[in-house]
Amino acid sequence: RAGSWLGDAKHTVGMAQTFPFPGKKRLDHELARTDFAVAAALEAWQQRELVREVKAAFYRALAAERFADIAAELAGVAEASATQARQRVEAGAAPRQEQLRAEIAREQARAEQAEAARDQRTARQTLAALLGGADLEGVTLEGDLEPLDSPDRWDAFSPAELASHPALEIALLNRLRAERALARARLEPYPDLTLGVAGGREGVPAGQGVIEVQVALPLPLLDRARGRQREARAEQAVAEAEAHTQAQALWTAWVTARERFRTAAEQARRQREEILPRAEEALRLVQLGFAEGRFALLDLLDTQRTVAETRRAYWQTVLEWHLARTELEALTQPAPTGAPPTSVPHSALNSD
């Protein structure tokens with residue numbers, strides 16, 4: 001310590017320790033734990049979203065292969081039909097316009113085949129990117145777009161299943177953090193106590209030994225932390241609203257995905273059991289009639305295209321079913337981070 005100008009000197013060495021007001025340290029620790037839990041829940045959410053995106057990309061790649069096969073089949077039929085039409089015209093058995101229409105259909109089928117092949121490459125590239133840039137060149141995707149599950153299997157799920165979703169867990173953790181931050185802000189006006197002790201000698205040249213005890217208590221005369229309290233209350237209100245909004249968004253996503261799932265399942269069933277058999281039967285009859293001379297080549301081409309479009313529509317519906325199921329699985333699978341730290345806002349998670 002510094003000496004005085006009168007010639008006396010005081011030389012002391014000591015230490016001081018600040019003791020926070022009761023509750024401050026505990027709340028600081030709880031806030032840190034909440035931040036850690038938010039980070040863990042965010043990581044779980046990202047993992048869940050990645051799995052959903054990979055599944056969806058895989059099903060899109062499988063469907064793209066089906067679409068490419070249908071387009072290639074239709075292009076082959078159109079090529080053969082154009083050749084046959086040319087031969088019929090050269091033999092005088094058909095008018096020139098039949099050959100022209102067959103050639104137009106062939107070019108259209110070629111363009112559709114090229115587009116389907118491009119879509120297939122894009123789907124595989126998207127899947128490869130999600131898999132970390134894996135090389136899928138020449139790789140055969142093993143998987144079956146069928147069979148379809150029954151829509152009833154999802155009816156057993158309740159709104160409580162959505163409580164484990166990381167997005168809602170994050171919202172609830174943020175709400176909890178806002179509550180703790182408000183409690184911490186309310187303790188801010190209460191001063192921390194500082195205690196210190198020092199020992200040394202006073203006087204020149206070899207003065208008397210002294211021991212000093214210091215007590216410091218700051219007086220918050222100007223700053224009562226009211227601004228921080230108002231800010232904490234505002235953040236709490238925002239967090240509460242976001243928790244209800246997130247719960248409502250999850251429930252809406254669940255209802256939408258389940259309706260997509262049910263609709264696609266019903267449409268796929270009708271297409272598989274009713275529409276496709278009728279289209280194929282119509283093609284069989286037209287092929288038989290064409291062989292007997294009762295139908296023109298253009299009738300056969302139109303029927304073949306109709307059957308191909310019907311098959312493509314069926315696989316598009318099956319793809320939609322898989323995408324909806326993937327969405328439902330992502331919404332309802334258990335969260336690896338555990339249960340939410342507080343109750344779910346049931347006012348938002350309403351059943352239909």
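How much of the accessible surface of the protein belongs to carbon and sulfur atoms? The share is 54% of a surface of about 20300 Å², with areas taken from the Shrake-Rupley method and a 1.4 Å probe, where for residues only the protein chains shown count as cover.

**Model and confidence**

This is a predicted model, in which local features need pLDDT of at least 70 and side-chain atom pairs count only at pLDDT 80 or more, while totals for chains, interfaces and linings use all residues. Residues are numbered from 1 along each chain as its sequence is written, and side-chain values use heavy atoms, with hydrogens and water left out.

The mean pLDDT (the predictor's confidence in each residue, from 0 to 100) is 81 for the protein, and 84% of its residues reach 70 or more.

**Elements**

The protein has 5 helices and 3 strands, taken as DSSP runs numbered from the N terminus (helices: H or I, at least four residues; strands: E, at least two). Starting at the N terminus, their order is β-α-α-α-β-β-α-α. Of the contacts with a separation of 6 or more, 83% are between residues 24 or more positions apart.

**Nonpolar cores**

Of the 352 residues, 36% are buried; buried means under 20% relative accessible area, exposed over 50%, and partly exposed in between (1.4 Å probe, protein chains only). A nonpolar core is a set of buried Ala, Val, Leu, Ile, Met, Phe, Trp, Tyr and Cys residues joined through side-chain atoms within 4.5 Å. The largest one has 24 residues, and L127, L145, Y314, W315 and V318 have the most contacts inside it. Helices α1 (24–90), α2 (96–130), α4 (226–291) and α5 (297–332) each supply at least two residues of this core. The largest share, 10 residues, comes from α1.

Not counting residues up to four places away in sequence, L127 touches V54, A57, F58, A61, L136 and L141. Another core of 17 residues lies apart from the largest one, and includes A171, L172, A264 and A265.

E98, in helix α2, counts as buried because its relative accessibility is 7%. With neighbours within four places left aside, E98 is in contact with A85, R88, L297 and L298.

**Salt bridges**

Side chains of opposite charge can pair when their charged atoms come close. With a salt bridge taken as a side-chain nitrogen of Lys or Arg within 4 Å of a carboxyl oxygen of Asp or Glu, the structure holds 24 of them.

| Salt bridge | Closest N to O distance |
|---|---|
| R180 and E30 | 3.6 Å |
| R106 and E107 | 3.3 Å |

The salt bridge of R180 with E30 joins helix α3 (residues 166–187) to helix α1, so this pair ties together parts that are 150 residues apart in sequence. R180 is partly exposed, at 22% relative accessibility.

In space, the C-alpha atoms of D35 and R177 are 7.8 Å apart. D35 counts as partly exposed at 35% relative accessibility, and R177 counts as partly exposed at 28%.

In the salt bridge between R106 and E107, R106 counts as buried at 17% relative accessibility, whereas E107 counts as partly exposed at 38%. Salt bridges that share partners join E79, R106, E107 and R110 into one network.

**Nonpolar surface patch**

Which residues form a nonpolar patch on the surface? They are M15, F19, L193, L195, V197, I211, V213, V215 and L217, with about 890 Å² of accessible area together. Patches are made of residues with over 30% relative accessible area and no salt bridge, where like charges are joined within 9 Å and nonpolar side chains (Val, Leu, Ile, Met, Phe, Trp, Tyr) within 5 Å.

Strands β1 (10–19), β2 (193–202) and β3 (208–216) each supply at least two residues of the patch. L193, a patch member, is in strand β2 and counts as partly exposed at 31% relative accessibility.

Terms used:
Contact = heavy atoms within 4.5 Å.
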